[in-house]
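I opened this notebook to keep track of what I looked up about the contacts in one structure. My plan was to go through the interfaces one after another and to write down what I found.

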Amino acid sequence: MDKRRYFDWAATALPLPSLGDIDIKNTFGNPSSPYAEGRQAKEALEKARSRCAKALKVPAECLYFTSGGTESNALVLHSLLLRPKKVKFLYSAVEHPSVRENCLVLEKLGFSPAIIEVEKDGRVSPEILSKALAKNPDARLAAIMAVNNETGAIMDMEGLSKILRAKDGAPVHFHGDLVQAAGKIPLDIRSWDLDSASFTAHKLGGPRGIGLLYLRKPLEVLYSGGGQERGIRPGTENTSGALALAACLEQYASPDAVKLEQEKARQRWGHLIGGLKKNPRALLIPESRTEDDLRFSPWILQARFKDVPGEVMVRALDSEGFAVSTGSACSSSSPDRPVLEAMGLDEHARLEGIRISQGWSTTLEDIVALLEGIEKALAFL
Amino acid sequence: MSKTLYLLKPGELTLKGGNRQSFEAVLRRNLAALLKGTGAQVSTTNGRFFVRCPEGSELQAEDALNHLVGISGWAKTRICEKEKPSVLAACVEEGRLLVSKGIKTFKVEARRTDKSFPLNSYEIECQAGDAICEAFPNLKVDVHEPEGIVSVEIREKAFIYGIANQGLRGLPVGTAGRGLLLLSGGIDSPVAGFMMACRGMSLEAVYFHAYPYTSNEARQKTVKLAEIVGRYSLGMRLFVINFTPLQMRIKERSPEEWRTVLLRMAMMDCAEKLAIRRGNKCLVSGESLSQVASQTIENITCTQSRVTLPVLRPLIGTNKEQIIGMAKKLGTYETSILPYEDCCVLFSPPHPILRGDPEEAWKLYEALECGDLIEEALRAKELERCGYPAKP
């Protein structure tokens with residue numbers, strides 16, 4: 001094996017080399033402490049918040065540092081527990097486990113969530129959302145991710161929000177999981193008209209344990225503590241993490257950076273998809289996905305190989321020097337593939353699915369090598 | 001340095017006649033091997049084994065005794081002079097331990113090999129019982145179903161023990177030859193290996209690995225199971241054999257419904273070749289009649305048709321519930337149910353043949369022409385040494 005080639009960026013990205021420049025020595029103080037070290041840390045934290053806000057084009061006071069995407073999603077969903085009534089809410093059938101499983105917890109606690117089905121391409125269409133809303137007119141929250149973590153399907157967030165906003169009666173809180181969208185596709189939180197959104201640093205080359213929650217208006221939350229982050233996420237703040245997250249968002253989430261990186265990524269993915277289409281044993285998920293398909297993120301691809309279980313392909317490629325995965329890393333120990341099931345794939349096909357994802361250091365040479373590696377693995381399997 | 005004394009009661013080997021001494025020698029050797037590194041010393045007198053263990057090594061020594069096949073029980077024991085007051089005082093101390101464990105009823109059991117002791121067994125039982133009752137009035141005698149027993153043995157010294165631990169019974173490992181266990185990551189085969197170890201059989205094991213169809217986690221799980229069983233069988237060599245090319249050959253050349261039976265035939269074939277080369281006298285398998293499609297009597301006949309060595313199946317007449325119960329006691333269950341199952345999607349037919357005809361099986365197996373593949377698999381085997389007591 002010449003060298004390892006990493007294709008599981010959707011699980012976690014390689015760390016950005018520039019993160020080493022972050023000044024952690026002078027920001028170690030507790031931001032809640034009144035003396036100089038504390039004040040210095042507080043200043044750094046607020047500066048990081050402003051930088052994130054600038055990169056995401058949202059007001060800084062709407063951003064709260066959390067431990068990551070999972071916590072950001074949970075904070076929003078669990079806030080329903082504090083409402084006077086057990087309200088109805090919606091979530092898409094392809095949500096990440098951090099949304100889906102928290103919705104199931106709420107269901108156990110007496111809430112009655114409804115699932116928004118998806119089209120065969122794994123996307124929530126405005127029509128489907130309309131129907132779901134018509135069936136559940138008393139829904140008070142809808143959780144829909146912007147980019148699916150397994151298939152790369154990009155949701156029409158603006159179109160979906162228009163449907164939600166056009167609904168008569170009490171407003172629906174629109175929560176968007178933007179974990180796989182930030183730094184990968186152009187974000188427009190204002191046009192998307194989101195009430196809340198979640199982000200995490202480690203999908204962008206930052207460290208684990210730091211994320212963001214965007215809240216248009218503060219929520220009442222279940223957890224309390226020292227009052228940090230204006231009570232939304234109490235706990236001593238992770239200042240160095242916040243600085244790292246700000247650096248990642250600046251580098252990748254600004255419109256210019258996204259445009260440039262996305263274009264390069266689309267070229268590489270076009271090559272990968274074209275190569276796979278020539279392979280008689282390879283099938284894309286969905287099969288309709290094309291080389292330059294704007295409905296999908298150019299960073300994530302779901303594919304399957306006839307008669308080869310996904311986990312076998314993952315191991316075979318691992319032996320050839322490639323890291324790929326089956327579905328979400330957060331549920332890789334579970335044989336269920338709810339996202340693929342929602343797309344209408346039968347059990348056999350679901351079992352064969354693997355996820356390939358690229359990142360900032362992926363090269364065309366890596367793609368060429370991967371296509372060869374797949375050929376080699378299939379020759380043996 | 002003070003030493004803790006343990007008394008061990010041999011199990012089934014006491015029923016042996018002229019061979020008893022050789023069985024005892026093996027038991028003593030096994031005991032010494034398990035106690036290696038503890039600083040404990042082993043001694044024997046008529047029908048009893050004693051372990052003297054330095055302070056601080058008790059936990060290690062007791063763990064060794066819990067893994068020793070061939071004893072019916074063991075107990076931490078008091079030792080005193082063969083004088084009535086000392087014996088009775090020691091019995092009272094054992095009574096105190098029973099009380100501290102919440103025991104309410106007891107009896108005294110005495111055995112006197114030294115007939116010069118002034119009290120006979122019955123008298124010892126009566127007087128010790130009285131002394132204990134006097135010291136602990138809440139403790140009552142129940143000779144029929146006591147919650148606790150205080151045992152007194154008058155030998156070259158007086159030995160008194162109250163709380164006894166059950167041994168694994170059976171015959172010392174190494175007294176019944178050596179077999180090759182077909183070990184998988186499942187629940188059954190480790191139990192089968194343990195049962196044979198309890199019949200005195202030494203074990204080696206073979207695991208058929210089919211990477212990338214089988215995960216490395218599944219292999220690690222099997223190594224862990226071999227470690228657990230190996231602690232009872234005084235160590236176990238585990239041979240890991242890459243079976244992927246054979247599985248692929250079976251997939252290419254055989255009717256789908258026959259794949260499982262043919263795979264098992266190939267495993268038996270390969271295992272026997274390994275067993276013969278290693279000097280093992282039999283194969284040991286975790287099969288249980290009709291548990292799965294490949295374990296119907298017809299399919300067992302097919303899989304057995306390739307081998308001449310005896311195939312021992314200690315679980316053949318047990319049900320899954322019983323096997324799970326044994327696996328839990330043995331300590332393999334939690335490992336066996338870890339979710340690293342073999343990925344058999346390609347190889348497990350949806351409708352496997354239930355009653356294979358041995359003649360047909362033989363023909364299909366011959367058509368696989370897998371002799372060279374088996375030889376290559378055997379050449380490339382890897383060895384894991386599992387459960388050796390003295391492993392650093």
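Before the first entry I noted that buried area is the accessible area, taken with a 1.4 Å probe, that two parts lose on being put together, summed over both. I also kept in mind that this is a predicted model.

Entry on the two chains. I looked up the area buried between chain A and chain B and found about 980 Å², with 70% of it on carbon and sulfur atoms.

Entry on charges and polar pairs between the chains. I searched the interface of chain A and chain B for salt bridges and the count came to zero, whereas four residue pairs are in polar contact there, both residues being at pLDDT 80 or more.

Entry on the domains within chain A. I noted that domain 1 of chain A is made of 5-15 + 255-380, while domain 2 covers 24-252. In the contact between them, 34 residues come from domain 1 and 32 residues from domain 2. Their C-alpha centres lie 26 Å apart. The two domains bury about 2800 Å² between them, and carbon and sulfur atoms give 56% of this area.

Entry on what links the domains. I counted two salt bridges between domain 1 and domain 2 of chain A. I also looked up the side chains of A:Arg337 and A:Glu150, which meet in a salt bridge at 2.9 Å, N to O.

Entry on the side of domain 1 that touches domain 2. The elements giving two or more residues to this side are helix 8 (255-278), strand 10 (300-305) and helix 10 (338-342) of chain A. Helix 8 gives the most, with six residues. By class, I found that this side of domain 1 has 21 nonpolar, seven polar and six charged residues.

Notes:
Residues numbered from 1 in each chain as written. Chains lettered and ligands numbered in written order. Heavy atoms only, no water. Domains from an automatic or database assignment. Contact = heavy atoms within 4.5 Å. Salt bridge = Lys/Arg side-chain N within 4 Å of Asp/Glu carboxyl O. Helix = DSSP H or I, 4+ residues; strand = E, 2+ residues; numbered from the N terminus. Nonpolar A, V, L, I, M, F, W, Y, C, P; charged D, E, K, R; others polar. Polar contact = N/O pair within 3.5 Å; in protein donor to acceptor, adjacent residues only side chain to side chain.
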